[in-house]
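Hi,

Here is the structure I promised to pass on.

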Amino acid sequence: MPPRRPDGPPPPPPVARVRLRFAKRGRLRFLSQLDLARSFERGLRRARVPIAFSAGFSPHPKVSWVGGVPTGAASEAEYVELALAEDVDPEALRVALDAALPPGFDLLACVPAEGGPLAGRIEASRWSVRVPGVPAEDVSRALDALLARESLEVERRTKSGRALVDVRRAVICGVCRASAHDCAILDVVVRHTTPAVRPDDVLTALGVVAVPPLTFPVPPEPTRLEQGLIRVDGTLADPLAAPSGAPNRSETDRLAGRLTA
Amino acid sequence: MSGQSVFPRLEPLLPRVRKPVQYVGGEGNSTVKPWESAAVRWCLMYPDAYEVGLPNQGLQILYEVLNEQPDVLAERAYAVLPDLEALLREHGVPQFTVDAHRPVGDFDVLGVSFATELGYTNLLTALDLAGIPLRAADRADEHPLVIAGGHAAFNPEPVTDFIDAAVLGDGEQAVLDITDVIRAFRAAGSPGGRAELLARLARRRLVYVPAFFDVTYGEDGAIVAVTANRDDVPARPVKHTLSDLDSWPYPKTPLVPLAETVHERMSVEIFRGCTRGCRFCQAGMITRPVRERSIDTIGAMVDAGLSASGFSEVGLLSLSSADHSEIGEIATQLADRYEGTNTSLSLPSTRVDAFNVTLANEFSRNGRRSGLTFAPEGGSERLRKVINKMVSEEDLIRTVSTAYAQGWRQVKLYFMCGLPTETDEDVLGIAKLAREVIRAGRKASGHRDIRCTVSIGGFVPKSHTPFQWAGQASWEVTDHRLKLLRDTVRADREIARAVGFRYHDGRPGIIEGLLARGDRRVGRVIERVWREGGRFDGWSEHFSFERWERAAAAELEPLGVSLDWFTTRERPEREVLPWDHLDAGLDRDWLWSDWQDALRASELDDCRWTPCYDCGVCPTMGSQIEIGPTRRTLLPLTPVPSLPARAATGATTSASATAATATAATGQEKARAAAAP
Ligand code: SF4
């Protein structure tokens, strides 16, 4: 007996692709990448987004995630690309889908996919980490000590055991200041490596290089502010900006301005 | 009391626990109301982990029914895992709800739904973390009323120390009536306090209040009598029976969790009750009679639930879904309606007949035909007569042949071990059946690599069933038979590699048996186990048989009874059973004669298709069978406008500029929704 094949016509081919920037805010920072993906797919159905599906017995919506955000971290700059079966207005899509996603899973922008692959436009992240209960000077001093090194490896648990990651080589630049609430705010730009250096690893490294070693009484809260290609001045280029001409920084400035306000 | 959110104190603890997302709430279609707006506030708790409790239909239904009332507020709580429990204790954070993270102790009512008895220790953790005295007798007016519900509440005697009341049966109308009584009592200035409120609820026949009944025991350890200690409450508390399920189409908006749960789908209950009369099945006995939802209500619920949730799978639930009087029409019409939408439909049905395969084919029109499940339950023809599961070996072989011939690659068979009158031979009959199934499957499909999984559950006698008098098989007997069966299957070279074998050891079943048929004396065993660290008894990684065994010996033996006395001992006809004073509608004499019929391996038909055999439920409860066919068809869906097409190229930049300005607006709007106090 030949194997069964799905009856009926194959799913319609994609006719358009869009790229979305989204935020993961508030209590949603405790979502894992899988949780986000699940919520996102349900949002697509609720908003009736004409997403394209793969063929076969268990068709999947064509959603391509770029990287992933660690559980426990918030983000203002996550990216995902969708293949669509109808060429719909990106802004209408954004508004409808945003309304169908849980509060805190917020869509910030939606543009037609243009130029090369999205992953090629992202090589680093800028993180802002709230470090409650530790004086900003201590974190600052530790950061200076870290930046003075050539290399600094820390151990970290992975799915397949333990791995050493070189934090120093991944950290491009950083600064630490005190917030109004007597809480250190660490701002670092970290290059994407394999395995990835996460904000936790940066803090572990800061803890190790500090004299005396730093401990964090309350779990720090990291937020990814930006992702993109690194410019000469250490800032990041918006991966959704038009590929030709000067990078469009308005979006980034607006966000950065709001976040520090 | 304040109802103030504990989230600011909880949040710093979350990065330190496993799966913190289960504690943050924020489910789609969840409701947060202002604390002050409510006259009556319910906390509904499912005493197991979030991933198990969130999909529970009973809790979702009551949550929605209560929140639809303008002056009622209902929130949900689940059991916290031991890692968070330790942190909550260390930091003095109370048991909280996931909706607005309010302290459970601040609510008026804590309703706890017990689908299984193995949640009892988790109730104690929740009470303790909430700052509610463990024992009902120690509670004051400011503490919530602790009300148990769910199937296990049909014998709440083992937890009577810890609960104020129990609701038997369907909860939809009951929670509203309870709310009315509380509201009126408050409005009158709460005269007489907690005891009077409970008395009012009992007088209205809404709840069973254990404190209003005294239990006396005889020399032999058995109960002499259970008698009401006040003359203003009914001597026999009764179960609630909902009629006309079409007018209660809940849940209307299924909860959509952010965290992963055990059922990633929405469910529509297509009927309630079952009168197939399987003698081991408590659910079938206590939910009589059968009450169907009509095909058009089911269609409307599926449509509304899918658009409100975004789920891509719908399960059509009931105790035996293939038995709906219009299931064929439902299957075809829903399959037509959702063709090409990547929505899958599932029917958790285990009926052993070709029609069930036809239904499964319809529901998997475009999907993979992976596994089909059938439940013969007993390994031999004789044993199947004892349990009243009317399936012959020929039925089974014909059914699985049909399934394999139609492209299903894997068949699962469910059986039970430890049934009354069972012998080693009966259990070895399972191996014989499995061999026949594989042979028939190879013949029907034309190839050798087909699979059959045999799943075996231990039988636990439950209250309000014909087997309530039966002696439970000891765990040693169960384990011995399972080993015998496994060895026999493994030794049979023809099928050894084609048959998968799933079973659990017999020990947890003994504790479930103690809790299912225990009386008030078992309460102290539960409390001791909990004090010694017992939690999550339904989870093999947390369950400790030795701890239960020790606690049972320490607490029961001084009273002249024991773990064996409650579990493996067969009860005589005249013994007063701990739940005899609770009325599930079933006539005790009918149950006894059905038990005697079981011992004679004599079968009984279903009252939906043969005349009523007087189980007692309908006349006692004033209920009747409510079934179709209605001969109606599904209403067509109203088309929903799709998103507008993209304007000509060139508009890109302006579109993303609008995006930037619009973001702030939607962000705020959603944030407002999230922050609604
Ligand atoms: S009383 Fe008769 S009709 Fe009603 S459930 Fe029992 S047997 Fe069926």
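Among contacts in chain B between residues at least 6 apart in sequence, what percentage join residues at least 24 apart? It comes to 78%, with a contact meaning heavy atoms within 4.5 Å.

Some housekeeping. This is a predicted model, where local features need pLDDT of at least 70, side-chain atom pairs count only at pLDDT 80 or more, and totals for chains, interfaces and linings use all residues. Residues are numbered from 1 along each chain as its sequence is written, chains are lettered from A and ligands numbered from 1 in the order in which they are written, and side-chain values use heavy atoms, leaving out hydrogens and water.

On confidence, the model scores ipTM 0.90 and pTM 0.92. The mean pLDDT of chain B (the predictor's confidence in each residue, from 0 to 100) is 93, and 95% of its residues reach 70 or more. Residues 650-668 of chain B fall below 50, and beyond near neighbours in sequence that stretch has 20 contacts in the model. Residues 672-677 of chain B are also below 50, with six such contacts. Where pLDDT is low, the predicted coordinates should not be read in detail.

As for overall shape, the C-alpha trace of chain B spans about 75 × 70 × 50 Å along its principal axes. Of the 677 residues in chain B, 60% are buried, that is, under 20% relative accessible area (1.4 Å probe, protein chains only).

Chain B holds 22 helices and 16 strands, taken as DSSP runs numbered from the N terminus (helices H or I, at least four residues; strands E, at least two).

Cheers

Conventions. Buried < 20%, exposed > 50% of the residue type's maximum accessible area, 1.4 Å probe, protein only.
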